[in-house]
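Thanks for asking me to look this over. Here are a few notes to read with the model open beside you.

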Amino acid sequence: MVKKFSLLFILIMSVVFILGACSDNESVDSENGDEDVVTLSLWNRYSELRGGFAQLIEDFEAEHPGIRIETQDTPEPETQLRTALSEGNLPDMWTNIVDLSELMEVDAVKNLDEIFTEDVKAQFQDGTWYENGTTADGSVYGFPLAAPQSKAMIMYYNKDVFDMLGLTEDDIPASWEEFKALGQTIVDESNGSVYPIVWNNPGWANEQLVSMMGTAITPEVPWQENYKEGVPQVYTEGKIESAKFIKELLDEGLMSPESVEIGLGEAEALFSVGQSAFLWSGDWVGRQLVVESEFENWGVAPLPTKDGNPYYYHAGSEATSIRVSNDTEHWEEVKIFLEYALDHLHETVYVNTGAGLPAKEDVGGEPPFEQYNDILELESQLAIPVPKPAELNPEIVEFNRAYRNKLEVGGIGDAVVGYITGNIDDIDSEIEQIDQDMKDAFMETLDEFPEVSQDDYIYPNWEPFEPFTVDKYDELR
């Protein structure tokens, strides 16, 4: 009898529990208009955008309780996206990493023309829309995030160190010679407790640095192309001399010896606690210093160059954007989010966090640190549009992919790191060989693409330091 009573009691309690759960679910459903909540997935590769995305999504979900967005950070973005692509398991949205033409080839990315009408496109910075970046065959395939006038490296200086050593903004060096002279003063006056510069060892950062510094010496090669001769080029006087300058700083005790072992985050940390007077990096670092390191007493200036001459970076080097899976089962909800983002993303994710220059024009907001506008002013001066051959000949998109696939080494960053660390003795020969390999692969690929010629890479109406705008393409059509 006791056993029967216990069993009956358990059954009754189970029914009560189930009814209660059903009641809870009904309550949730009624709050959402008797509709199921739709969850969208968003993969983000940009660490500096995490906080801004979190706030944007919180605000969006408050206004749209029937839609939730789950974000996932992707520390290995290309590997993770390619795996998802091969398994047919892409997220609804992701921040770009794989080349657009490759995604188009397998019909993996959604056309966004429904959102980006001509009137909407006109609200974005010049240079935002370009072939195989944000667009393909004139249609939009990427929701623009950062402005094309981004990613130029600048020099951060530590005002605490300046105050301690009696330095002022007038002492900020413009040339390499001035940097070395001031650097020795910093070492001497601090009794060796402060290094003039802390750097970091990733290959991409070293290639960017020597390429930008190098344009002050060899301005006709903004990155890896010579648009006067129509050939790939990484062996330039500017790049070689810039690499040698960095090594001299290390060898002469003017660069923190930890620089050859650490990444950007560690370099920022050393700078923020006063172990270096200067830090070279990109526009996103201002936010990192203030938010991550809680350090606000710093300023910004251009990088030093050989003779103090101007340098520049090629604008639109990366189509920072959100892409949408063509197989998303929730396009209507994705569209609602992207339309909301048109009005709110650039203010919330970029201006209000200080993460960089937004792609959209005339964005409001309140930057979290006073140096934000100084950074934007420098970026606008230093990131300059250069020719994009695919704008005149779309066949170049496939040509470039075939050409790059032939290369065993895609750039000079690792060679520069090897030289600075002493693992490569002859940087001239090393980079000259990379340069020749690029030229050989380029010419070999030309033979395979009759619709592409070397003339497609020659721009007689381009002058370094002068923005190559839409009307310049029109002159050549």
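How many bridges join strand β7 to β12, and do these strands run parallel or antiparallel? Please keep in mind that this is a predicted model.

1. Let me start with that pair. Strand β7, residues 154-158, is joined to β12 by four bridges, and the two run antiparallel.

2. Four strands make up an open sheet in the order β8-β11-β7-β12, and their pairing is mixed. The edges are taken by β8 (195-198) and β12 (298-301); each has a single partner strand, so one side of each lacks a neighbour in the sheet. On average, neighbouring strands here are turned by 25° against each other, direction ignored.

3. Next, a pair of helices. Helix α2 (residues 50-63) and helix α12 (residues 331-351) have axes that come within 10 Å and cross at roughly 135°. The two helices are therefore oblique to each other. Their crossing is right-handed.

4. By residue type, the contact of α2 with α12 divides into eight nonpolar, four polar and two charged residues.

Terms used: Residues numbered from 1 in each chain as written. Predicted model: local features only at pLDDT ≥ 70, side-chain atom pairs only at ≥ 80, totals over all residues. Heavy atoms only, no water. Axes fitted to C-alpha atoms, helices over the stretch in contact; angles between N-to-C directions. Parallel < 35°, antiparallel > 145°, perpendicular 65-115°, else oblique. Left-handed = near helix turned anticlockwise from the far one by under 90°. Nonpolar A, V, L, I, M, F, W, Y, C, P; charged D, E, K, R; others polar. Pairing = 2+ DSSP bridges.
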